[in-house]
Amino acid sequence: MSGPITPTRTYYRVFAALIALTLVTVYVSFLELGPWHTTVGVLIGVVKASLVGLFFMHLLHSSKASWLAVLASLFWLGILMVLTISDYLTRHILEY
Amino acid sequence: MSSAITTGFVPQAKTRPPRTPGENYLNVAFGVKSWLLTTDHKRIAILYLVTLTILFFIGGAAATVIRLNLMTPNGELVPADTYNKLFSAHGIIMVWFFLVPVVPTVLGNFLVPMMIGARDLAFPKINLLSWYVFTIGAIITLWALLAGGVDTGWTFYTPFSSKYARTNVLPTMIGIFISGFSSIMTGLNFIATMHTMRAPGLTWFRMPLFLWAHYAASIILVLATPVLAMALILVGVERAWGIGIFDPELGGDPVLFQHLFWFYSHPVVYIMLLPAMGIVSEIVTCFSRKHIFGYVFVLWSSIGIAVLSFLVWAHHMFVAGQSVYSALIFSALSYMVAVPSAIKVFNWTATLYKGSIAFETPLLFALGFIALFTMGGLTGLFLAALGVDMHVHDTYFIIAHFHFIMVGGSVMGYMGGLHYWWPKMTGRMYSDFLSKLAALIIFVGFILTFLPQFVLGYLGMPRRYHVYPPEFQVLNVMSSAGASILAVGYVLPLFYMLWSLYAGKPSGPNPWGATGLEWQTPSPPPPHNFDETPIVTTGPYEYSIEESALVH
Amino acid sequence: MSTNHAVLAHHFENLEQQRETAAFGMWIFLATEVLIFGAIFTCYAIYRLRYPLDFEAASARLNVLIGSINTIVLLSSSLTMALSVHATRVGRQQMLLTCLLLTILLGATFLGLKVVEYYQDYKEKLVPVLAFDPDEWTQIEGVEAPVQPQRVQLMLVFYYIMTGLHAAHMIVGMGLLIWLVIEARRGLLTPVRYMPVEVIGLYWHFVDIVWIFLLPLLYLTGTHQAPPWLPIPPIHF
């Protein structure tokens, strides 16, 4: 894991993008979006988290094994969420 | 040089600090401190072995009282609430404090670094820490179980556990929560070790299946345990402050707890089973002197089981009020687990076919594993079927099914592994006659204990009751009789294995003539396993090469 | 080579292997963390879908100003953490110390603001069981269906468990950072031995990522009253 040394310039640019996205997401919360607040907020969150992961956490230059750990954790999180939530979303269709 | 190639082991030029002849991990240092502060994976394995053996017999004692109580329909031995606490204690100790850790922490800790040709696990200090964390968790839970007990069963279903139970629920859960971190540390250590510390030449597809099985089990340990931790935190919060996270009266949903709980607790069965399957793969190849039939299939079936085990959890909840569509999907997915499990059983059978079989003790246990696991697995398919599950849900049919998997499978596999690697761990051979006798007693006792329970369950005897209608007595007495035979079978190894430490014949480095890097070291192994980092030139189980080399 | 020898642990073959193992070990641990937070996110999602109005009403009462400022504070601490890794790898000891101390300072600011926020929540009767007024939730203007107080409590419980768990991770992270400062002052963090900074940095950034999701899920899920100076287009959804 001795990837290339990230120049400070990259860090500053990513930081600027993160702050801008934070301001956007807070601004959006003042709009009358009703139930879509969560969707928009989480989507912006995904972008921000990807920036932190790729640049601050050096995923961009990390080994395949590290990527495997990241992708596995997201895959398993998907299993947990999709299969659990699908139960709740289909309960009303047929009562028994 | 030719002999080195045949065993897949070539000394590398890089030298280590010289070692005094005869020095091994047991005699390198003495005293309590040298054990409690060790970071040697082999010594930590021995620490776990001692701890888990004690816990096994405590959990077994609870089972003994349960079976004694069920000799008579009225359950005269213990009152109802004591009975509830006994089966809860039995389940909690056996699941979290024996079956989950036992194969990875004892045999896995000892063998993973040796099998990949490394000097230790990737994080030796974390390995030691995991033993301390586990022991602290076990002590807290044992204290909670002895000083008042818990009557929720090992499943802690809400809202009973969160609202109504007036027993030591919280301390027990804290103990389990703490011990969960030890599981995570062990799994993390194994995955990191296998990724980065394999000996030169030991490619992924040259790894012994024992390692693949541990890799698959470690995936589950690392990814499932945190969900249980969260579920326990939420129950704890609800119980301590009376907030309705799982309380329907306050807007919560008790089934959500079951979702989280079984997201951990279904895969956990495969944490118990996968390493045992790895053991069986090693034993079957060694004692039939053959390469494993379909190495790649057995390997991917381990990974397949690890992934699929996460997709089936709600088959525990068919009658709990989940959606019909969800139940349908989980039922279908549950059938899919049968595919990789069957691949393993068929491939072991094919490996034995036309092999030159030596019926040594480890193989007897492995054959017991194959037989009992097949029965447990097939009855699992009954339970995956929605209609049948409605009928036998929460009956002794379930009890029999999962004991076939967990005791008939995991414990049999563990016993086989312990007998297989005991000469490596201690340098001594145990009694051949007594060990074969023990294998036989355990198999017979097991069948007699749990086969009647299938019938009992199908006839409708519910689990967790301390009384039952008189017409079930014959089958229950059969089961209890079997349990006492089983108890003899489990106590016997304790004696002859301890005896072997004092009076056993020295085993030599490779008593079974097995392949695998761990057998290339002296028994017991030196502190850093290998004097020179080995280079691997062949895949595992090259018994045919070795045989031909012996001819010349 | 003598320095390398001291850095290399006995069971590794070379430094590259040791570094790879350390980073990968931390990534596996973070996978565990994803699942522990993922479990409570799943619970949150289910109740969020079940009781949308109650959750939005409760979210609208949370202190979005402190929440937003804290986000920026935490992102800044991630920047200084990333700069610490850079400083270690290029061997700039003074910059490393400054960046580590700044990270600790920003982390402490975050926790301090969190305490202030908890106290304000308490004063506004937003703490379930401890300080909660069910009556004020039954008549909220502008909400078509009645909001049920116990469902609001449910949302608030998630708020406290999630932020509490996050804060606990912050405290652990600050302990690790203090250890790094001690190591840095002893001159033990060098371009050869930079992995402690890198690995603890991974952990710190992960805690930051958790907060990145907590902000929209907890604070921004309801519609907030805009400050008067901010122009808001008349969108009604």
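Here are some questions and answers about the chains, their contacts and a few individual residues.

Analyst: Quick ground rules: this is a predicted model, where local features need pLDDT of at least 70, side-chain atom pairs count only at pLDDT 80 or more, and totals for chains, interfaces and linings use all residues. Residues are numbered from 1 along each chain as its sequence is written, chains are lettered from A and ligands numbered from 1 in the order in which they are written, and side-chain values use heavy atoms, with hydrogens and water left out.

User: What area is buried between chain A and chain C?

Analyst: The size of an interface is often given as the accessible area lost when the parts come together. Here that loss is taken with a 1.4 Å probe and summed over both parts. In this pair, 56 residues of chain A are in contact (heavy atoms within 4.5 Å) with 63 residues of chain C. Carbon and sulfur atoms give 75% of the buried area, which comes to about 5000 Å².

User: Which three residues supply 24% of the area that chain B buries against chain A?

Analyst: Chain B puts 24 residues in contact with 17 residues of chain A. Together the two chains bury about 1800 Å², with 74% of it on carbon and sulfur atoms. On chain B's side, the trio that supplies more than any other three residues is Leu223(B), Val324(B) and Tyr325(B).

User: Which residue forms a salt bridge with Arg91(A)?

Analyst: A salt bridge here is a side-chain nitrogen of Lys or Arg within 4 Å of a carboxyl oxygen of Asp or Glu. Between chain A and chain C the rule finds zero of them, but across the interface of chain B and chain A it finds one. For Arg91(A), the closest N and O atoms are 3.2 Å apart, and the partner is Asp253(B).

User: At what angle do the axes of H3(A) and H11(B) cross?

Analyst: Helices are DSSP runs of H or I with at least four residues, strands are E runs of at least two, and both are numbered from the N terminus. Leu83(A), Ser86(A), Asp87(A) and Thr90(A) in H3(A) meet Tyr325(B), Ser326(B) and Phe330(B) in H11(B). The axes are lines fitted to C-alpha atoms over the stretch in contact, and angles run from 0 to 180 degrees between N-to-C directions. These two axes come within 7 Å and cross at roughly 145°.

User: Is Asn476(B) buried or exposed?

Analyst: Asn476(B) is found in helix H16 (residues 473-503) of chain B. Not counting residues up to four places away in sequence, Asn476(B) touches Arg67(B), Leu70(B), Leu456(B), Met461(B) and Tyr468(B). Buried means under 20% relative accessible area, exposed over 50%, and partly exposed in between (1.4 Å probe, protein chains only). Asn476(B) has a relative accessible area of 0%, so the label is buried.

User: What is the phi of Phe156(B)?

Analyst: Phe156(B) sits in the loop between H5 and H6 of chain B, and at 0% relative accessibility it counts as buried. Its phi is positive even though the residue is something other than glycine; the value is near 50°.

User: What is omega for the cis bond between Ser523(B) and Pro524(B)?

Analyst: Chain B also has a cis peptide bond from Thr158(B) to Pro159(B), with omega near -5°. Pro524(B) is placed in the loop between H16 and strand E2 (534-535) of chain B. For the bond joining Ser523(B) and Pro524(B), omega is about -10°.
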